[in-house]
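Let's take a walk through a protein model together, one stop at a time. Have a look at the picture, and then we'll start with a pair of helices.

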Amino acid sequence: MVENTPGSFPLLKIEDYHFTFPSYPGLKGRTLFKGLDLQLSRGEFLIILGKPESGKTTLGRCLCAVYPGLTQATVQGRILIDGEDISKRSACDWIDRVSLIFQDPDEQIVTSRTDDEAAFALESLGVEPHVITERMNQSFIDFGVSWNKERNPLSLSGGEKKRLLLSCMKMQDTDLWILDEPMDELDQQGQEFLLKTLSHMASCEQKGVLLFASKYHKSFASSSAEIAILHEGGLQQYQGDSESLQILFDQGLVPGESSSPESSGKKGQSIIHISGLKYQYPDNSEFSLEIDEFSLNAGETAVLAGPNGCGKSTLARLLCGLIPPQEGTILLEGEPAGKERLNRSCGYLFQNPDYQLFLPTVSDELELGLKHSGLTRKERLALVDEALELFQLPGRNAPPSLMSFGVRKRLQGAIYYLLEKRLYILDEADSGLSYRDYETIIRQLKKKDCALIIITHNQEISSIEGDHLYQMAGGRILEQRDLHREYTL
């Protein structure tokens, strides 16, 4: 049942909305919306699909008055909440009406304790402490926030951070829920529960729900949500017909039908072998990693799967030398390897690209690893230009800090494409990327004489050429299965 109270206005109405970013040094201005219209009533759940850079994050921030803000963007049209123009008040004045989960949790988390983070918004609104505690306890149960409430959110996995922010949103209890790429980094159980919860919040509690995604998930079809495609500056209703499917395919929002990414064809030499590996974080006694045996040869691809917080990223950090094992051995090409050698030999694409990008321009980032390669400046720039084209990056002088999350992820892939590493680890590298963008990164890395580890929750990336699947839970590898050139979970 759809309701339009109070005042008989739609909960959200966007009228003929235009939005153009100005040009910045190294980055040309872009028009994202060209007469965009949308109406969302209480009780409605809408999924908006769009490729990276189509404007999903920008739209979400416009809907809660964070944008245009200080962006100096040119804006025309209106956004109305219950008939009131959102531009008439500042973003902080909408906190009790509209809530937004950012694509990147680290942009949103501001405290050093899980319970403080959950309580922050309600404390700002002056809600009574006992009410905050009641809401917190219930929302933590609902979204599987089972760790110690005193734990620092920065120590959580990407999926656990998403669960925490979902709990915060439910506690806030606003009329309009906006979720930017919430499916990414959640495990399969978390994704299914999220869609059921959002459907319930819309149909039973009369919330208006908007979910943005860069990939079409099969689970969308079984949810109660309507689907629209952000395409050429406007919204087009997804009908499931040939025209809609063609748009999804053209934007890379569904897996391609092409053959598996090419590999170098060179297999056999042992790249990494670990035995008796143990690690426990000093501030988290509830978790420990224990891996009896794991090995991978040149030309092979291993897929690590498992629920949020099971130890996939911890294992990756051990293999890269970012943290030292407390017990066990790591052999690299048959020889014991410590921190320095693992650092030199392993390329690790973090879940969050901002952990790795820190230089002023794209060219600076791409050249950094080539400076001691013995190549001339001209040769280095030729490689930079090759990477710009392969990974569809905006230009040498573009500032990464102003690029979208998805473009920064592609820049990560381009950086490691230019480096000669023996082992590459992609930790939830599909987050914020279309299927096509992700497949491009995989395809280019697989051409090298290396081993590849893919950490993912996505069951629908069928075109990845995996050789072995390792199922993890509770810091252990429970199952190892040969994939025989196909990727199915």
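The axes of helix α11 (residues 405-417) and helix α12 (residues 435-446) come within 10 Å and cross at roughly 5°. Here an axis is a line fitted to C-alpha atoms, for helices over the stretch in contact, and angles run from 0 to 180 degrees between N-to-C directions. Angles under 35 degrees count as roughly parallel, so α11 and α12 are roughly parallel to each other. On the α11 side, the contact (heavy atoms within 4.5 Å) is made by K409, R410, G413, Y416 and Y417, and α12 brings D437, I441, Q444 and L445. Sorted by type, these residues are four nonpolar, two polar and three charged. For that sorting, Ala, Val, Leu, Ile, Met, Phe, Trp, Tyr, Cys and Pro are nonpolar, Asp, Glu, Lys and Arg are charged, and the others, Gly among them, are polar.

A quick word on what you're looking at: this is a predicted model, where local features need pLDDT of at least 70 and side-chain atom pairs count only at pLDDT 80 or more, while totals for chains, interfaces and linings use all residues. Residues are numbered from 1 along each chain as its sequence is written, and side-chain values use heavy atoms, with hydrogens and water left out.

Helices (H or I, at least four residues) and strands (E, at least two) are DSSP runs, numbered from the N terminus. Next stop, helix α5. Its 16 residues (188-203) should span 22 Å at 1.5 Å a residue, and the end C-alpha atoms are 23 Å apart, which agrees. The expected span is 1.5 Å times one less than the number of residues. Among the buried residues of α5 are L194, L195, L198 and M201; buried means under 20% relative accessible area (1.4 Å probe, protein chains only). What covers the buried residues of α5 includes α4 (158-172) and the strands β3 (45-49), β7 (176-180) and β8 (208-213).

Now for S223, in the loop between β8 and β9 (226-231). Its relative accessibility is 16%, so S223 counts as buried. The side chain of S223 reaches the backbone oxygen of F220 at 2.9 Å. Leaving out residues up to four places away in sequence, S223 touches I47 and S199.

Most residues other than glycine have a negative phi, and most peptide bonds are trans. Yet Q206, in the loop between α5 and β8, has a positive phi of about 55°. The peptide bond from Y67 to P68 is cis, with omega near 10°.

How values were computed:
Buried < 20%, exposed > 50% of the residue type's maximum accessible area, 1.4 Å probe, protein only. Parallel < 35°, antiparallel > 145°, perpendicular 65-115°, else oblique. Polar contact = N/O pair within 3.5 Å; in protein donor to acceptor, adjacent residues only side chain to side chain.
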